[in-house]
Amino acid sequence: MYIFIDTADTDELKSAFDTGLVDGCTTNPSLIAKSGRDFKEVIAEICEMTPGPVSAEVASIEHETMLAEALALAEIADNVVIKVPLTWDGLKTCAALSAEEIQTNVTLCFSVAQAWLAAKSGATFISPFIGRLDDTGVDGMELIHDIRALYDVHGYETEILAASIRTQEHVEQAALAGADVATIPPKIFNELLSHPLTEKGLDAFMADWTKTGQSIL
Ligand code: E4P
């Protein structure tokens, strides 16, 4: 499963990319607002940090304007992926971009039917929002399982990008459910490595090694 980082904070992104384990990035209008920076400037900077997919979301709701915005964003770099909302206009824009071989990420997916329509529109990625579904009392992970089954049965190539991830368990369960990608907030990404027994075990090994008085080099 590929790892994308869900942020527009370039300092956090740099640390994540430095691990060598991160494959791309997703942003959305809320994350851009939080960064306080110019949208296109941030996207250009992120695209220079990685050759992987970098999602940039359109900011209008009507097809013609959405398409114009998408084409402007696609000019920034070859690895820009255009994020469109799961609306009829968004899907129409997705189909038009797919025809031009511009990569797309259909966002705000909350049902199997929506994921099916996005695949039919030629979406490169579909983004089911796990955490926001959990917030409503519905098991968000079930949606990942169901979309995986639908895409496999019908041979859709759209990649499942597990989004709205809130916990380490979300990442693990999305991987087990067959998501192609998880987009992970920096804090959760950093926590993925931690386990108290790893830390305790390493402390014990280091203490015992010191007792030997040896040096490897
Ligand atoms: C990613 O593409 C989404 O925009 C993001 O994961 C949404 O996460 P949130 O529900 O925590 O805002």
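What follows is a short chat about the ligand site and a few individual residues in this predicted model.

Q: Let's start with the ligand. Which residues are around the ligand?

A: Start by listing the neighbours within 4 Å. Here the list runs Asp-6, Thr-26, Asn-28, Lys-83, Phe-129, Arg-132, Ala-163, Ser-164, Arg-166 and Thr-183.

Q: How do the residues of that shell divide into nonpolar, polar and charged?

A: Sort the neighbours by side-chain class and count. Four are charged, four are polar and two are nonpolar.

Q: Which side chains have a polar atom at a listed distance from an oxygen atom of the ligand?

A: Look for N or O pairs within 3.5 Å. Asp-6 has a side-chain N or O atom 2.7 Å from a ligand oxygen. For Arg-132, a polar side-chain atom is likewise placed 2.7 Å from an oxygen of the ligand. As for cover, the ligand on its own would expose 340 Å², and the protein buries 84% of that.

Q: Now a single residue. Is Ser-121 buried or exposed?

A: Check the relative accessible area against the cut-off: under 20% is buried. Ser-121 comes out at 12%, so it counts as buried. You'll find Ser-121 in the loop that runs between α6 (112-120) and β6 (125-128).

Q: What about backbone angles? What is the phi of Glu-101?

A: Glu-101 is not a glycine, yet its phi is positive, about 60 degrees. Glu-101 belongs to the loop between α5 (88-99) and β5 (104-109). Its relative accessibility is 73%, and over 50% means exposed, so Glu-101 is exposed.

Q: And where is Leu-108?

A: Leu-108 is in strand β5. Run the angle check again: Leu-108 has a positive phi of about 65 degrees, although it isn't a glycine. Then run the accessibility check: Leu-108 is at 33%, so it counts as partly exposed.

Terms used
Residues are numbered from 1 along each chain as its sequence is written. This is a predicted model: local features need pLDDT of at least 70, side-chain atom pairs count only at pLDDT 80 or more; totals for chains, interfaces and linings use all residues. Side-chain values use heavy atoms; hydrogens and water are left out. A polar contact is a pair of N or O atoms within 3.5 Å; within protein, one must be able to donate a hydrogen and the other to accept it, and residues adjacent in sequence count only if both atoms are side-chain atoms. Accessible areas come from the Shrake-Rupley method with a 1.4 Å probe; for residues, only the protein chains shown count as cover. Ala, Val, Leu, Ile, Met, Phe, Trp, Tyr, Cys and Pro count as nonpolar, Asp, Glu, Lys and Arg as charged, and the others, Gly among them, as polar. Helices (H or I, at least four residues) and strands (E, at least two) are DSSP runs, numbered from the N terminus. Buried means under 20% relative accessible area, exposed over 50%, partly exposed in between (1.4 Å probe, protein chains only).
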